[in-house]
Every structure is written in C-alpha cells, then in structure tokens.
Amino acid sequence: MGTPLRRESFKKSNDGARLVVSTIMGVVFGFFVGISFPSVSVNKFNLRSGLLSSRDLSISDDHVSYKTPQHELGLNSSSDSSKIYAATNPRGAELLPPDIVVAETDLYLRRLWGEPSEDLKSHPKYLVTFTVGFNQRNNIDAALKKFPLEECTIVLFHYDGQTSEWNQFEWSKNAIHVSALRQTKWWFAKRFLTPAVVASYDYIFIWDEDLGVEHFNAVKYMQLVKKHGLEISQPGLEPDKGLTWQMTKRRGDREVHKETEEKPGWCSDQHLPPCAAFVEIMAPVFSREAWICVWHMIQNDLVHGWGLDFALRRCVEPAHEKIGVVDSQWIIHQKIPSLGQQGQTENGKAPWEGVRERCRSEWAEFRNRLEDADRKYLRHVGRG
C-alpha cells in the first residue's frame, strides 16, 4: 500500500531536479552567447500602432530615437538608414544635427577677405527701413542724419528701380538696397523682413519717404520708447499739417501719450482704436517681438496696408499700455504722393484714384479675413 506513494514522491523529486538543471544550463548557455557577441543590438523594428503611427523606433546600446520612414522624407530606399532625424529642428532641417542648425540670420555686411570672426566691429541693434524713389533722396538723406548710423542697419526698398544712383551719399555704400518696381513697403517687408532676418535687432523702423524730421532725434526717441515700455510706437505728428486721427497728433505738454479723445461714436471702448492701442502705418517702430507677430499677420496680397493699423493691437498685451505716440520727438507728414503716381491710368481714372480704390477693397478683404479667422478659432476652442 505504501510503495506507490514512495515511487510518486521519487518521480516528483526527479522532475524538479531536471527543471533546476535545465534552468542552470540555459543561464550558462546565455552567458556564453552574451560574451561571444557583446555588441548585439536590435537595430530597428516597426511598431505600426496608433501610438507611434508609421514612425520607426530605433534601439541601440545607449539611446532610443525616432526616425521618419524614408518615403516620408523623400529619401531613396537605398539611402543610409542611419541618417539623423531631429524632430526638434526647425521644419525642413530635421536631417541635420541640431548643433549645426542656424535658424536666424541678419543683414550685417560681411567682408570678402580676412578671418570671419573679425568681420563685425559692432552689432547694430536697430533696423531702419525706408521705401523710396530717387526723387526723395534729399529727404531720406536728411532723415538718416537723425539716426546713429553705427548702431543701425539701413535698408532702402526701391520702387522705381534706381539704386546705384544713391551712392552719391556716403552712408548709401553701407546700406542694403532692394529693388522691385512699383511695390510698397508692406510687399517688401513681408518678403525681406522675416522673423529670421530681424532676430538680431532690438527695434525695427518701417518708414515712408515723405517725413520731415527737423524735430526728431532717434537716440532720444528710443530712450523714451524704452522708458515708457512701448512695443509699437510712432513719433507724434505736427498738428498744423493735416491729420487723419487725433491719436497721432503731437501733444506739447508730455513725452508720450497712449490714448486720446475722438469724435463721438468713433470708439466703442476707450482702450481700443482709434482712441488707444493705435498708431498709423506711415512711421511705425516695432520691438522685435511685436514685429514678428505683425509679420505673421500681414497677408501676402497686402499692398497699401489700410486697416493694418487697427489690427496691430493683436500683437501686444495689454495693447493700450504698450502702443503709444512719442510727443517730444515729432515729425511732419509731407504727404507727397510719389508712389501713387507710379500706377497707371485706367478707365479714365488717374493713378492715385486707382490706388484709393485698391486701398478700400484691400481693407475690407483684410478685415473680413480677420473676422473669419476669429470665428473659426473660437469655435475650435469651444468659445464660439
């Protein structure tokens, strides 16, 4: 009666011993395999899951990185699969090592000779631009004498095709000249004053050519801009020379003003344009951060910029405190319709009349786009 129990106990003991021996042999075998192939790694395997989509996960001895499939990068299937893909790089530069990426630039002039590190004796902090025709050369010369040229990069946008003629002025030889027939400053600004280009400058002047600057000093102007915390500003306008808006009229009893009284019914809110948070587009000055925002808002087909001044407030907060007019450094708007005369007579209308119609149409289109964009965004975030 006891024998079967002893045999069963012995059998179980024997099975346990075999399991222990097999485990030990497996460990030993794995150890020898490991020391025989010390650099074994799984180079790549695809996880077609909702989490990683079609991205590839690479695992090696010391890091994990994500790579985009070659067909998404436009690479030939025979390309080196170890190419870098850095998702943190700017768009288009993912295949470069991050430490070599330079996403920003400037308009500093470089020499053709010598050590690159010796090119720049100073780094200008103001970018000063004028959109010009050659007929206004003396006006521009007078204006630039009001700026500390050693601290400025000067850019002239030429709408009449005349550029080399400006070399009669010594400062012109160190200026940047960009020429495109019959284009306005907003066309030039959108294409040549990109966020990458302005990144090295603290403030950007985007001025018209018909400004009288007898009472203006750029150094004193910038001191007041910084003192009063203005991100978007303009000099005050001489009251006796005709004004469109009360906001930009110079006041003789203060350094800066940020709000005004307008005609009854013109301002739904005293903190909104044209009673506050408002400057005109003839002589605006932007901080770098404010201009980058404004640049993104400017539409590719924007020409004259009517209505843009009402939208500038979107780019600073609180706008009624950071947008203002510098009264103690003022200018005179001479209202010379030089660019307007570059147009063509159509249907019996003078060039300037065609310009006026374009301005009105442009403002209506720009306003509608802004309102539509607002509505779409508010619906997207559940506030519409």
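**Entry 1**

I looked up Arg358 and found it partly exposed, with a relative accessible area of 38% (buried means under 20%, exposed over 50%, partly exposed in between, with a 1.4 Å probe and protein chains only). The model is a predicted one, in which local features need pLDDT of at least 70 and side-chain atom pairs count only at pLDDT 80 or more, while totals for chains, interfaces and linings use all residues. Residues are numbered from 1 along each chain as its sequence is written, and side-chain values use heavy atoms, leaving out hydrogens and water.

Arg358 meets Glu362 in a salt bridge of 3.6 Å, N to O (a side-chain nitrogen of Lys or Arg within 4 Å of a carboxyl oxygen of Asp or Glu). Both residues lie in helix H10 (residues 351-380), four residues apart, about one turn of the helix. Helices (H or I, at least four residues) and strands (E, at least two) are DSSP runs, numbered from the N terminus. An α-helix has 3.6 residues a turn, so residues three or four places apart point the same way. I noted that Glu362, at 7% relative accessibility, counts as buried.

**Entry 2: other salt bridges**

I searched the whole structure and found 16 salt bridges. One of them joins Lys125 to Glu151, with the closest N and O atoms 3.8 Å apart. Lys125 lies in the loop between helix H2 (70-73) and strand S4 (126-132), and Glu151 in the loop between helix H3 (137-144) and strand S5 (152-158), so the pair ties together parts that are 26 residues apart in sequence. Lys125 is partly exposed at 30% relative accessibility, and Glu151 is partly exposed at 28%.

**Entry 3: aromatic pairs**

I then searched for aromatic pairs and found 26 in the whole structure (rings of Phe, Tyr and Trp, its six-membered ring, with centres within 6.5 Å; planes under 30 degrees apart count as stacked, over 60 as edge-to-face and the rest as tilted). The ring centres of Phe157 and Phe192 are 6.3 Å apart and their planes stand at 35°, so this pair is tilted. Phe157 lies in strand S5 and Phe192 in helix H4 (residues 185-192), so the pair ties together parts 35 residues apart in sequence. Phe157 counts as buried at 1% relative accessibility, whereas Phe192 is partly exposed at 36%.

For Trp245 and Trp266 I noted ring centres 5.7 Å apart and planes at 70°, so that pair is edge-to-face. I also recorded one aromatic cluster, formed by Phe130, Phe147, Phe205, Trp207, Phe216 and Tyr221.
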